[in-house]
Amino acid sequence: MVTQQFDARPVRTSPWAMQWLRAAVVLHVVALLFQAVTAGMLLSTPGGRSLHMASAVALLVVGILHLLAAILVWRPGGGSAAFIVPAALLLVLTVVQAVLGEMGVKTVHLPLGVLLFGGGVAQLGRVFPRRAVA
């Protein structure tokens with residue numbers, strides 16, 4: 001009979017991995033906010049469309065960095081995998097958002113953008129520790 005011994009100590013996340021995840025999430029929320037700004041510029045300035053498209057590509061890159069950071073917190077960092085699913089969901093929804101924007105489906109594109117921003121802010125609340133109120 002084979003017996004397994006489990007270590008009962010809590011798993012600690014590597015500080016560098018968690019800091020990188022926090023930075024990636026902050027950058028992701030800023031990029032999502034910038035997308036909203038460029039969406040407004042799309043309506044008011046002639047070059048708004050190209051700026052909105054360029055910031056969409058930047059948002060995609062930041063989403064990939066966010067997902068990589070979440071994976072690094074989990075695997076080599078020794079932390080929880082709980083950050084991976086929201087990061088992956090934000091990335092997938094960003095791709096869907098871009099496709100809908102290219103297709104001109106504004107009735108779904110705009111509300112999805114609001115949902116993405118809300119999801120980014122929710123992820124921001126997850127990665128920063130809660131402080132006790134005195």
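Helix H1 meets helix H4 through two sets of residues. From H1 come Met-18, Leu-21, Arg-22, Val-25, Val-26, Val-29, Leu-32 and Leu-33, and from H4 come Leu-116, Phe-117, Gly-120, Val-121, Gln-123, Leu-124 and Val-127. Contact here means heavy atoms within 4.5 Å. By class, the contact of H1 with H4 has 12 nonpolar residues, two polar and one charged. Ala, Val, Leu, Ile, Met, Phe, Trp, Tyr, Cys and Pro count as nonpolar; Asp, Glu, Lys and Arg count as charged; the others, Gly among them, count as polar.

This is a predicted model, in which local features need pLDDT of at least 70, side-chain atom pairs count only at pLDDT 80 or more, and totals for chains, interfaces and linings use all residues. Residues are numbered from 1 along each chain as its sequence is written, and side-chain values use heavy atoms, with hydrogens and water left out.

Now look at the angle. H1 and H4 pack at about 155 degrees, and their axes are 9 Å apart. Axes are lines fitted to C-alpha atoms, for helices over the stretch in contact, and angles run from 0 to 180 degrees between N-to-C directions. H1 and H4 are therefore roughly antiparallel to each other. The cut-offs are these: under 35 degrees is roughly parallel, over 145 roughly antiparallel, 65 to 115 roughly perpendicular, and the rest oblique. The crossing of H1 past H4 is left-handed. That term means the near helix is turned anticlockwise from the far one by less than a right angle; clockwise would be right-handed.

Step back to the whole chain. The protein has four helices and zero strands. Along the sequence, the pattern reads α-α-α-α. Helices (H or I, at least four residues) and strands (E, at least two) are DSSP runs, numbered from the N terminus. Of the 134 residues, 31% are buried. Buried means under 20% relative accessible area, exposed means over 50%, and partly exposed lies in between (1.4 Å probe, protein chains only). Take the contacts with a separation of 6 or more: 66% of them join residues 24 or more positions apart.

Next comes the pair H2 and H3. H2 covers residues 48-74 and H3 covers residues 84-103; their axes come within 8 Å and cross at roughly 160 degrees. H2 and H3 are therefore roughly antiparallel to each other. H2 passes H3 in a left-handed crossing. The contact of H2 with H3 holds 14 nonpolar, three polar and two charged residues.

H3 also packs on H4, which spans residues 106-127; the angle is about 160 degrees and the axes are 10 Å apart. H3 and H4 are therefore roughly antiparallel. Again the crossing is left-handed, with H3 passing H4. This contact of H3 with H4 divides into 10 nonpolar, eight polar and one charged residue.

Leu-93 sits in H3. Its relative accessibility is 21%, so Leu-93 counts as partly exposed. Leaving out residues up to four places away in sequence, Leu-93 touches Leu-112, Leu-115 and Leu-116. The C-alpha atoms of Leu-93 and Gly-113 are 8.9 Å apart, although 20 residues separate the two along the chain.

Where do nonpolar side chains tend to be? In soluble globular proteins, they tend to be buried together. A nonpolar core is a set of buried Ala, Val, Leu, Ile, Met, Phe, Trp, Tyr and Cys residues joined through side-chain atoms within 4.5 Å. The largest nonpolar core here has 14 residues, and Met-18, Leu-21, Leu-67, Ala-70, Val-73, Phe-83 and Val-127 touch the most other members. H1 (15-44), H2 and H3 each supply at least two residues of this core. The largest share, five residues, comes from H1. Met-18 touches Thr-13, Val-73, Phe-83 and Val-127, not counting residues up to four places away in sequence. A second, separate core has six residues, including Leu-32, Leu-59, Leu-90 and Leu-116.

His-28 is found in H1. His-28 has a relative accessible area of 2%, so His-28 is buried. Setting aside residues up to four places away in sequence, His-28 touches Leu-59, Val-62, Gly-63, His-66 and Leu-90. Is Arg-22 buried or exposed? At 18% relative accessibility, Arg-22 counts as buried. Beyond neighbours within four places in sequence, Arg-22 is in contact with Val-127, Phe-128 and Pro-129.
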